[in-house]
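User: Please go through the salt bridges of this protein with me.

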Amino acid sequence: MAMALFAMAAVMLASAYLNVLNGYETAGRAAQLNENFAFEDLRAFAAVARLRSMSKAALALDTTQSTVSKRVQRLEQMLGLQLVDRQTRPIGLTVEGRTFQRLVGGFLESVDAMTQGARDRRRHRQGGFQG
């Protein structure tokens with residue numbers, strides 16, 4: 001199962017990188033990979049997993065608790081897995097949630113690094129690189 005999650009993350013990463021290189025990524029907005037998925041869903045899950053609270057994750061992401069909850073639910077529905085145990089306080093992660101948390105953390109770091117690298121290369125090609 002971990003390999004299937006990793007494969008899905010790799011496809012998402014490749015799609016995001018291509019979107020950035022093609023200029024489809026815009027500041028302040030996650031690049032949509034399809035109608036069911038946004039990077040913000042992963043970022044919401046990662047924040048909940050790290051902070052163990054929907055409300056704390058909402059504060060960290062500068063959004064509402066309801067939005068965080070909906071994003072995590074959408075991610076769970078897309079994967080067909082329960083990632084978060086909402087019955088415990090602080091919020092806990094299921095076995096699948098802990099596995100996914102490890103994958104998502106590295107994935108988001110890679111996306112952020114690749115996105116910044118692509119932006120830098122695009123600025124350099126356009127003559128606006130200040131480095």
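The questions below concern charged side-chain pairs and their surroundings.

Analyst: This is a predicted model, in which local features need pLDDT of at least 70, side-chain atom pairs count only at pLDDT 80 or more, and totals for chains, interfaces and linings use all residues. Residues are numbered from 1 along each chain as its sequence is written, and side-chain values use heavy atoms, with hydrogens and water left out.

User: How many salt bridges does the count come to?

Analyst: A salt bridge is a side-chain nitrogen of Lys or Arg within 4 Å of a carboxyl oxygen of Asp or Glu. By this rule, the count comes to 5.

User: Which helix holds both Glu40 and Arg43?

Analyst: The side chains of Glu40 and Arg43 form a salt bridge, at 3.9 Å from N to O. Helices here are DSSP runs (H or I, at least four residues), and strands likewise (E, at least two), numbered from the N terminus. The two residues are 3 apart, about one turn, and both belong to helix α2.

User: Is Asp41 buried or exposed?

Analyst: Asp41 forms a salt bridge with Arg74, whose closest N and O atoms are 2.7 Å apart. This pair links helix α4, which holds Arg74, with helix α2, which holds Asp41, 33 residues apart. Buried means under 20% relative accessible area, exposed over 50%, and partly exposed in between (1.4 Å probe, protein chains only). Arg74 is partly exposed at 32%, whereas Asp41, at 1%, is buried.

User: What is the relative accessible area of Glu76?

Analyst: Arg86 forms a salt bridge with Glu76. Arg86 is partly exposed, whereas Glu76 is buried, with a relative accessible area of 9%.
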